[in-house]
Amino acid sequence: MNYIGGPGVPAFEWTEYAPKSSDYVVLIPIINEGDRILKELYRAYKHHIASYADLVICDGGSTDGCTQERKLKKLQVNTLLIKQGPGKQGAQLRMGIYWALNRGYKGIITIDGNNKDSIEDVPRFIQKLQEGYDFIQGSRFIKGGRALNTPFIRNISVRFIHAPLISLCAGQRFTDTTNAFRAYSTRYLCDKRTAPLRDVFVTYELLAYLSVRATQLGYKACEIPVTRAYPKKGKTPTKISFFKGNFELLKILFRTLLGAYHLQTGA
């Protein structure tokens, strides 16, 4: 099926492999992740994650064969969304959030599709949503979390620059603020003051914005321990380039601190 696009939501098409079976959904944005996404989905399969939440792939237009229907259905993927309109990760997430809200989920979990994160921890996010939390940030840096082979620069920049500044803006301490393994309640995302479905969120703006806006609006937030593991050797699986990518992250961070992504009403 196709959605032609509208304000804040890119055009996309979707293929539903199974009906809605849970109150919760896991959105996995990918583009050309190759075997990494298949390994991640296999881990989810081994830990029966599909019995806790529907698994939905938010594809940015992969051409490497990683979204073959036979493979996805075998690994219990519920639905494949394929972005047709412009934008990168932020647009993929907006596509997924729009689709998930229209399908009536109570909570949305997001996770990268490059097999770095402990997808087996999805039930812990659901538990926190059921306890009444509206924003749950996964962290490798708190007790019980594990940070494996984290690149030195990434470790320093997250722990001593990004996380402290996001925490200052949010008014609550967070330790792993670039980590996309997190969860949101529907009430937080549907609040008109939050308004996540806006074209301004193109790349990583939405992750930064949603990290600070929950507590600013009085919603309940927390962190839970997760594992993020980088390969011991070889190329780091990331879409963030060392110079341009990290510079863009810093620009987004400071725009977030200045309230640039808040609605113009000032609400």
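**View 1. Leucine 206 and its surroundings.** Away from its neighbours within four places in sequence, leucine 206 is in contact with Gly90, Leu93, Arg94, Ile97, Pro196 and Phe201. The model shown here is predicted. Leucine 206 sits in helix H7. Its relative accessibility is 1%, so leucine 206 counts as buried. Isoleucine 108 lies 98 residues from leucine 206 in sequence. In space, the two C-alpha atoms are 14 Å apart.

**View 2. Helix H5 against helix H7.** Two packed helices are described by the angle between their axes and the distance between the axes. Here the pair is H5 (residues 152–170) and H7 (residues 205–216). Their axes come within 8 Å. They cross at roughly 30 degrees. The crossing of H5 past H7 is right-handed. From H5, the residues in the contact are Ile166, Cys169 and Ala170. From H7, they are Ala208, Ser211, Val212, Thr215 and Gln216. What is the make-up of this contact, in nonpolar, polar and charged residues? Five are nonpolar, three are polar and none is charged.

**View 3. The largest nonpolar core.** This core holds 38 residues. Leu81 and Trp99 have the most contacts inside it. Which strands and helices each supply at least two residues of this core? The strands are E2 (12–16), E3 (24–30) and E4 (54–59). The helices are H3, H5, H6 (186–190), H7 and H8 (244–257). H7 gives the most, with seven residues. A second core is separate and has 33 residues. Among them are Ile28, Ile30, Ala53 and Val226.

**View 4. Leucine 81 and its contacts.** Residues up to four places away in sequence are not counted here. Leucine 81 touches Phe12, Glu13 and Trp14, among others. Its contacts also include Val56, Ile57, Cys58 and Asp59. Met95, Gly96 and Trp99 are on the list as well. Leu81 and Trp99 are the two residues with the most contacts inside the largest nonpolar core.

**View 5. Glutamine 92 in helix H3.** Helix H3 covers residues 89–103, and glutamine 92 is found in it. Is glutamine 92 buried or exposed? Its relative accessibility is 6%, so glutamine 92 counts as buried. Leaving aside neighbours within four places in sequence, glutamine 92 is in contact with Pro29 and Ile30, among others. Its other contacts include Cys58, Asp59, Gly60 and Lys83.

View 6. A disulfide is a covalent bond between the sulfur atoms of two cysteines. A search of the whole structure finds zero of them. Cysteine 66 counts as buried because its relative accessibility is 2%. For cysteine 190, the closest cysteine sulfur is also in cysteine 58. The distance is 16 Å, so it is too far for a bond. Cysteine 190 has a relative accessible area of 47% and is therefore partly exposed.

**View 7. Two loop residues with positive phi.** Most residues other than glycine have a negative phi. Asparagine 32 has a positive phi, near 50 degrees. Asparagine 32 lies in the loop between E3 and helix H1 (35–46). At 32% relative accessibility, asparagine 32 is partly exposed. Glutamine 76 has a positive phi near 65 degrees. The loop that holds glutamine 76 runs between helix H2 (69–74) and strand E5 (79–83). With a relative accessible area of 36%, glutamine 76 is partly exposed.

**View 8. Glutamate 69 in helix H2.** Glutamate 69 has its place in helix H2. Its relative accessible area is 42%, so glutamate 69 is partly exposed. Not counting residues up to four places away in sequence, glutamate 69 touches Thr15 and Tyr17. Arginine 228 is 159 residues from glutamate 69 along the chain. Their C-alpha atoms are separated by 28 Å.

**View 9. Tyrosine 42 in helix H1.** Tyrosine 42 belongs to helix H1. At 44% relative accessibility, tyrosine 42 counts as partly exposed. Tyrosine 42 and leucine 75 are 33 residues apart along the chain.

Notes:
Residues are numbered from 1 along each chain as its sequence is written. This is a predicted model: local features need pLDDT of at least 70, side-chain atom pairs count only at pLDDT 80 or more; totals for chains, interfaces and linings use all residues. Side-chain values use heavy atoms; hydrogens and water are left out. Helices (H or I, at least four residues) and strands (E, at least two) are DSSP runs, numbered from the N terminus. Buried means under 20% relative accessible area, exposed over 50%, partly exposed in between (1.4 Å probe, protein chains only). Contact means heavy atoms within 4.5 Å. Axes are lines fitted to C-alpha atoms, for helices over the stretch in contact, and angles run from 0 to 180 degrees between N-to-C directions. A crossing is left-handed if the near helix is turned anticlockwise from the far one by less than a right angle, and right-handed if clockwise. Ala, Val, Leu, Ile, Met, Phe, Trp, Tyr, Cys and Pro count as nonpolar, Asp, Glu, Lys and Arg as charged, and the others, Gly among them, as polar. A nonpolar core is a set of buried Ala, Val, Leu, Ile, Met, Phe, Trp, Tyr and Cys residues joined through side-chain atoms within 4.5 Å. A disulfide is a pair of cysteine sulfur atoms within 2.5 Å.
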